[in-house]
Structures are given as structure tokens and as C-alpha cells.
Amino acid sequence: MHFQRLKLSGFKSFVEPAELRIEPGLTGVVGPNGCGKSNLLEALRWVMGEASAKAMRGAGMDDVIFAGSASRPARAFAEVALTAQTDPDDAWGGELEVVRRIERGAGSAYRVNGRDVRAKDVGLIFADAATGAHSPALVSQGRIAAVIAARPAERRMMLEEAAGIAGLHVRRRDAEQK
Ligand code: ATP
Ligand code: MG
């Protein structure tokens with residue numbers, strides 16, 4: 001799975017629709033303090049299913065919605081879309097588009113290639129591709145210290161996410177409940 005595009009609208013400081021092309025060779029995003037670099041990474045984490053508002057540096061999940069400024073009113077929703085190139089023979093026909101949208105006071109909804117899905121389905125798609133909201137590839141501030149301080153079971157979870165087998169736990173729980 002190769003990420004290709006990240007589109008944001010009303011997400012944090014990205015009030016107007018913005019698009020980040022994730023082309024081969026992209027190694028960094030630079031800009032002055034507060035310009036939105038971390039917000040971009042958070043948008044990627046968020047569209048992959050991040051459930052913790054704290055991990056988004058907010059008190060509640062609605063805090064990802066543009067909160068307004070002196071010259072612009074707050075937005076009622078935020079939307080992030082991630083496009084990825086996948087195997088041409090897979091269930092998505094080679095192109096996967098995951099969209100997450102949140103409306104103030106109404107929570108999040110997800111779509112995969114235009115169809116409504118559950119957060120859990122999105123989690124499984126990315127877990128199987130050895131990525132996701134908690135991927136060890138997304139190293140936010142404090143993460144290194146968290147790895148060092150983690151209990152063995154937590155460290156094992158990180159390794160399982162990196163290996164792409166984290167989704168198996170969800171499937172086993174589902175199977176046991178049936
Ligand atoms: P640094 O170099 O300091 O790490 P950065 O480029 O990573 O900066 P971000 O943390 O991505 O910057 O962006 C912070 C900006 O996003 C702040 O100006 C903050 O006010 C703004 N911001 C965050 N959430 C919202 C929101 N819900 N509505 C409007 N602006 C927001
Ligand atoms: Mg930052």
C-alpha cells in the first residue's frame with residue numbers, strides 16, 4: 001500500500017481545502033513554528049482511525065474541527081481523505097480512498113471507496129497493511145520515551161503493529177463472540 005494523497009478540509013488549521021501529495025522522495029515537511037506540520041501528521045493518524053482526542057492534542061474529538069479565528073468563523077465539520085495505491089487484484093481494485101468526517105457534537109463517520117464503513121473496518125485495513133493510527137512509523141513527540149517506559153505487553157503490541165498482525169486480535173475476538 002502506497003499513500004498518495006491526503007486531503008484536508010476544516011481540519012485544525014487547514015480551514016480551506018488543502019491537498020498534500022505524498023510522492024516518492026518526500027522526506028520532510030518544513031515551515032515556521034505553528035504553520036501546521038504536526039497537524040498534517042495528525043490528520044494522517046486521524047483518518048486511519050485515531051480514537052484518542054489526547055493523541056490529537058485536544059480535550060475532545062471536536063477540537064480537530066477548525067475553531068475559528070479573528071477573521072473566520074468556526075467550521076461545523078472536518079474531513080480528511082487519504083488515497084492509497086494498493087494491489088490491483090485486491091478488494092479495492094488498486095485504489096483505496098478512506099474518508100473520515102466529524103460533525104460538531106455528532107461524532108465521526110467513515111467511508112471507504114464511497115461506502116459507509118465502521119471505524120473498526122478502517123482499523124483492520126491499515127493494520128493488515130502494517131500501518132495505522134498507532135504505527136511505529138509515526139513518531140510523535142514523547143513516543144521514544146513511551147517505548148522505553150512501556151511494559152513488555154505494550155512493547156509486544158508495538159511489534160505486532162509493525163509486523164502487520166495486530167488485526168488478528170480483533171478477528172479472534174469477533175470469532176470468539178460468534
Ligand atoms: P512546530 O514547529 O512548533 O512544531 P507545527 O508546524 O507543527 O509547529 P502545528 O502544531 O501543526 O504546528 O499547528 C499549530 C497551529 O494549529 C496553531 O496555530 C493552532 O492554533 C492551530 N490549530 C490547532 N487546532 C486548531 C483548530 N481546531 N482550529 C484552528 N486552529 C487550530
Ligand atoms: Mg510540530
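In what order do the 6 strands of the open sheet stand? They run β2-β1-β3-β4-β5-β6, with antiparallel pairing. Strands (E, at least two residues) and helices (H or I, at least four) are DSSP runs, numbered from the N terminus. Two strands pair if DSSP finds at least two bridges between them. β2 (18–21) and β6 (115–117) are the edges; each has a single partner strand, so one side of each lacks a neighbour in the sheet.

This is a predicted model: local features need pLDDT of at least 70, side-chain atom pairs count only at pLDDT 80 or more, and totals for chains, interfaces and linings use all residues. Residues are numbered from 1 along each chain as its sequence is written, while chains are lettered from A and ligands numbered from 1 in the order in which they are written.

Y110 has V117 in β6 as its bridge partner.

The loop between β2 and α1 holds P32 and G36. Is P32 buried or exposed? It is exposed, because it has 7 C-beta neighbours inside 10 Å. G36 has 18 and counts as partly exposed. The cut-offs are 20 or more other C-beta atoms within 10 Å of a residue's own for buried, 12 or fewer for exposed, and partly exposed in between, with C-beta atoms placed from the backbone.

Ligand 1 has 14 residues around it (C-beta atom, placed from the backbone, within 6 Å). N33, K37, S38, N39 and A67 come nearest.
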